[in-house]
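Trainee: I would like to learn how to read a model like this one. Could you take me through it, feature by feature?

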Amino acid sequence: MPKKEIDLEYKIEHLSILNQDGELDSELEPDISDDLLIRMHRMMLLTRRFDERMLNLQRQGKMGTFAPIKGQEASQIGAVVVLEDEDWMVPSFREMAAEVWRGKEMVDMLLVFAGFNEGSRVPEKSRTLPVCIPVASQLLHAVGIAYAIKYKQEKNVVMVFHGDGATSEGDFHESLNFAGVFQTPCVFVCQNNQWAISIPRSKQTRSKTLAQKALAYGLPGVQVDGNDVLAVYSAAKEAVERARSGKGSTFIECVTYRMSVHTTADDPSVYRDDDEVKQWEARDPISRFQKYLKDKELLSEDDIEKLEEEIKSEIKGVIKDWEDKMKKMGDPADMFEFQYAEMPPHLVSQKEEVEKNKANR
Amino acid sequence: MKKMTMVEAINLALKQEMEKDEDVLVLGEDVGMDGGVFRVTKGLLDAYGEDRVIDTPLAESMIAGVSIGMAIHGLKPVCEIQFSGFSYFSFHQMEAHAARYRGRSHGRFSIQMVLRCPYGGGVRALEHHSESREVYYAHTPGLKMVIPSGPRKARALLVSAIRDPDPVIFYEPKAVYRAFREEVPEDEETFPIGQSEVVREGKDLTFITYGAMLKPTIDAAETLKEEDGVEAEVIDLLTISPLDDEKFTESVQKTGRAVIVHEAHRSFGPGAEMIARLVEKSFLYLEAPICRVTGYDVVIPLYQREKDYIPDVKRILKGARETLDF
Ligand SMILES: Cc1ncc(C[n+]2csc(CCOP(=O)(O)OP(=O)(O)O)c2C)c(N)n1
Ligand SMILES: [Mg+2]
């Protein structure tokens, strides 16, 4: 009974198509229509500006806690644009850009961050789940949806987002394992933004990559430059096609960076170096993409200027709408809604109690 | 004596216990370099190093589970779960193991650990950051459940919890963390787990409360004195389980009237157990139905409606006056 080696042939590919300066590796250039490229760029810029604006509103005390996405626009947009409307998208709590692409109203986001439950409504036909705050728990829902799709013999897929920190939770491993065992049509998009609050990626796991974790579960794993929207797109496209054709799940690790605070309640100066942030500024996903689009003559400085103006007024409109909406909501008795399909008697009487208290205030 | 916030007082307890006993260590998400998201463990990493102040990977079940193992082999872990709303990831370990090893091993193993979590509303946070579900733990045989109401008691109780041979769940009212300061002695102070305290004496009505609800309850008692000429007694439970029913039994037998105030949901909440004990032991002393002023039986709403969910002075007064007028 000799010792012998089991040949596993595990390798992880790292994909990068636009370099740091936005220069293209033309052999790897994905085939994306001009129209889609322009819409992707617009969404990345819109969500960057919206993110900045929200941070502002929070600092002015007009909103509660929220988790900025700055720096992760490519990792989100590159992946999510590959989905069809009938596919499912399952976010964590830091996918604002991907959510807006999927049709989430910006005004609803503002409402949630300003403490109104109304903002978490999901439109009738939407197949995007609400944000999920308990880290990694949404991954199990995603593979469950994927199982249901397979069971119903449908052709749709699920794309689920999570962070680097999430890879430490049991739920993460349980969901990858389920996806492997049952070959569910689920694409995992890991936003490896290098930090989980104050814990750097290197202290989260001894693994060299996060992508390799998929291999242990029998799934292909790939690492991409998450600030290169073309690389993210290519990997996501391939993964979604695989899932759609019945070949199961893929795990994509997007190597990106959390340029901002963890949430508005966090102070990163306690635990990370500004130099590191500066280094990543040079790899900004938007400016790289703009360089590519300019080289392709799809975008000019003038266009960018116009677009910035357009975005400014769009955001202004959203904020106006938000301010108007807030005036019309907030009835405390509404907290009893949507707890059960039918309100049980004890809630009916508690609701009456709240209404009476309100009248006496 | 120095005036401290609850955050500083808990920090002092951790520091002094670590100084005194090498087996005490701290672990959790962001407890090291960051000093915890509420800064409760600030400075501990510098003072005691990475082996004793452990920034763990992100997994609550792991935090609780490895703490159990550490305790089995003689350490005294104090673990932090960032928010009580995420402690359900670790609940399995606490319920299935921390609470049971003593019994399962016929007394051979003690799980001397503390699981600290901030709980309750009041910080304009997102979903899962504001709840008050201490009953999950209080309902679990083998666990102790402690909730301090102010800085001084928080410090004293945490020291007792760390030294307690059984697993203690230590809920910290995050709304109180920095709300006010209290004098906290530099010298060691403990307070017995399983003991409540009469914090205001009165003969007409008994308030029973704990945690973040103590402050509005005392304010309500003061208003009752001024506006109604009523002397209300206020009992701060401090430990939810094992429940000290002696003090409130004695008090209600004197006043004949009881109002229970908690942030937790009403149905099957802590108040339900208190009422059961009162009915069992003081039924014939009651002059009025026992009143509960509590959170409602809904998921705590986001912050715009939070103030309508969490009991406030107005609601406490209304409950008290109905009880007095019965
Ligand atoms: C189960 C659970 N534990 C703790 C938290 C508190 N928390 C919120 S985000 C976060 C870090 C998440 O890191 P990562 O998965 O890398 O996502 P990122 O925040 O970087 O987007 C923590 C610890 C939580 N929301 N859920
Ligand atoms: Mg992260």
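Mentor: Gladly, and let us begin with surface. Chain A exposes about 17,100 Å², and carbon and sulfur atoms supply 49% of that area. Accessible areas come from the Shrake-Rupley method with a 1.4 Å probe, and for residues only the protein chains shown count as cover. Please keep in mind that this is a predicted model, where local features need pLDDT of at least 70, side-chain atom pairs count only at pLDDT 80 or more, and totals for chains, interfaces and linings use all residues. Residues are numbered from 1 along each chain as its sequence is written, chains are lettered from A and ligands numbered from 1 in the order in which they are written, and side-chain values use heavy atoms, with hydrogens and water left out.

Trainee: What is the accessible surface of chain B?

Mentor: For chain B the figure is about 12,500 Å², with 51% belonging to carbon and sulfur atoms.

Trainee: How many helices and strands does chain A have?

Mentor: Helices (H or I, at least four residues) and strands (E, at least two) are DSSP runs, numbered from the N terminus. Chain A comes to 13 helices and 8 strands, while chain B has 12 helices and 14 strands.

Trainee: How should I read the radius of gyration of chain A?

Mentor: The radius is taken over C-alpha atoms, and the globule rule is 2.2 Å times the number of residues to the power 0.38. With 361 residues, a compact globule would have a radius near 21 Å, and the 22 Å of chain A agrees with this. Along the principal axes, the C-alpha atoms fill a box of roughly 80 × 60 × 45 Å in chain A and roughly 60 × 40 × 40 Å in chain B.

Trainee: How is chain A divided into domains?

Mentor: Domain bounds come from an automatic or database domain assignment. In chain A, domain 1 covers 13-330 and domain 2 covers 333-361, with their C-alpha centres 37 Å apart.

Trainee: Is Asn156(A) buried or exposed?

Mentor: Buried means under 20% relative accessible area, exposed over 50%, and partly exposed in between (1.4 Å probe, protein chains only). Asn156(A) counts as buried because its relative accessibility is 16%. Asn156(A) sits in the loop between α5 (137-151) and β3 (158-163) of chain A. Contact means heavy atoms within 4.5 Å. Beyond neighbours within four places in sequence, the contacts of Asn156(A) include Glu86(A), Arg127(A) and Arg244(A).

Trainee: Where is Val199(B) found?

Mentor: Val199(B) belongs to strand β9 (residues 197-200) of chain B. With a relative accessible area of 34%, Val199(B) is partly exposed. Leaving aside neighbours within four places, Val199(B) is in contact with Leu214(B), Ile218(B), Val234(B) and Asp236(B).

Trainee: Which backbone angles deserve a look?

Mentor: Most residues other than glycine have a negative phi, and most peptide bonds are trans. Here, His106(B) has a positive phi of about 50° although it is not a glycine, and Leu238(B) has one of about 65°. His106(B) is exposed at 78% relative accessible area, whereas Leu238(B) is buried at 0%. Leu238(B) lies in the loop between β11 (232-236) and β12 of chain B.

Trainee: Which peptide bond is cis?

Mentor: The bond from Ser241(B) to Pro242(B) is cis, with omega near 0°. Pro242(B) itself is in the loop between β12 (239-241) and α9 (245-255).
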